[in-house]
Amino acid sequence: PPDHDLVDRMALTTPDQVKAIGHPLRTTILQLLHERAATVTELATAVDRPRSTIAHHVGVLARNGLVQVVRTRRVRAIDERFYGRTARMFFVASGSAATGGAAGGDFNDFEVAARESAAAFDEGRLWGFIRHASLSSEQVSAFWERMALLVEEFDRLPRSGGTTFGFAVGIYPTDHPSLPPTS
């Protein structure tokens with residue numbers, strides 16, 4: 001788990017927040033900060049990108065309240081800043097200004113998951129399920145809360161393996177056919 005205090009969940013309520021989290025490099029930075037707070041230099045090394053590029057993206061995340069400086073240390077007369085996430089989980093608030101009144105906005109977790117999982121699929125290392133069920137709004141809300149707990153559990157797993165795995169979960173309405181009620 002991260003090495004600083006942070007809230008469990010944070011609603012993204014502005015279009016700028018959703019845009020900030022929707023960039024693939026910023027998403028990667030946020031994922032790395034699940035492990036621990038890190039400096040811009042450490043993040044740049046981890047993703048093999050120039051320090052200036054990472055500093056720009058960390059700045060966007062910080063301006064939108066997604067990361068913050070959690071501690072500093074003095075290194076050769078320079079204060080080195082360690083950035084940490086502000087929440088374990090970010091979600092787009094349904095009906096907020098971030099989405100123009102609809103859930104999802106321009107950020108699509110499944111688009112990211114599809115892009116990231118293509119190589120795993122090609123290698124036969126992609127595991128997944130898809131199911132359909134006719135449910136009430138109350139049932140969906142209760143089920144989503146249970147899924148959020150599972151995501152939080154995944155976020156808290158010790159970062160000890162040699163391979164980074166993605167985990168995607170979602171519930172969405174479809175036009176999938178369903179049987180009529182029994183008579």
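Trainee: Which residue does D8 form a salt bridge with?
Mentor: D8 pairs with R88, and the closest N and O atoms are 3.3 Å apart. A salt bridge here is a side-chain nitrogen of Lys or Arg within 4 Å of a carboxyl oxygen of Asp or Glu. The model is predicted, so local features need pLDDT of at least 70, side-chain atom pairs count only at pLDDT 80 or more, and totals for chains, interfaces and linings use all residues. Residues are numbered from 1 along each chain as its sequence is written, and side-chain values use heavy atoms, with hydrogens and water left out.

Trainee: Where do D8 and R88 lie in the chain?
Mentor: D8 is in strand β1 (residues 7-12) and R88 in strand β4 (residues 87-92), so this pair links distant parts of the chain, 80 residues apart. Strands (E, at least two residues) and helices (H or I, at least four) are DSSP runs, numbered from the N terminus.

Trainee: Is R88 buried or exposed?
Mentor: R88 is buried, with a relative accessible area of 14%, while D8 is partly exposed at 35%. The cut-offs are under 20% for buried, over 50% for exposed and partly exposed in between, with a 1.4 Å probe and protein chains only.

Trainee: And what does E145 pair with?
Mentor: E145 forms a salt bridge with R9, at 3.2 Å between the closest N and O atoms. That one connects helix α6 to strand β1, 136 residues apart.

Trainee: Switching topic, how many aromatic pairs are there?
Mentor: The whole structure has 1 aromatic pair. The ring centres of F154 and F167 are 5.0 Å apart and the planes are at 25°, so the pair is stacked. Rings of Phe, Tyr and Trp (its six-membered ring) pair if their centres lie within 6.5 Å; planes under 30 degrees apart are stacked, over 60 edge-to-face and the rest tilted.

Trainee: Which parts does that pair tie together?
Mentor: F154 is in helix α6 (residues 137-156) and F167 in the segment after α6, so the pair ties together parts 13 residues apart in sequence. F154 is partly exposed at 28% relative accessibility, and F167 is partly exposed at 37%.

Trainee: How do β2 and β3 run?
Mentor: Strand β2 (residues 67-75) and strand β3 (residues 78-85) run antiparallel, joined by 8 bridges. Two strands pair if DSSP finds at least two bridges between them. In this hairpin, with 2 residues between the strands, R76 takes a positive phi near 45°.
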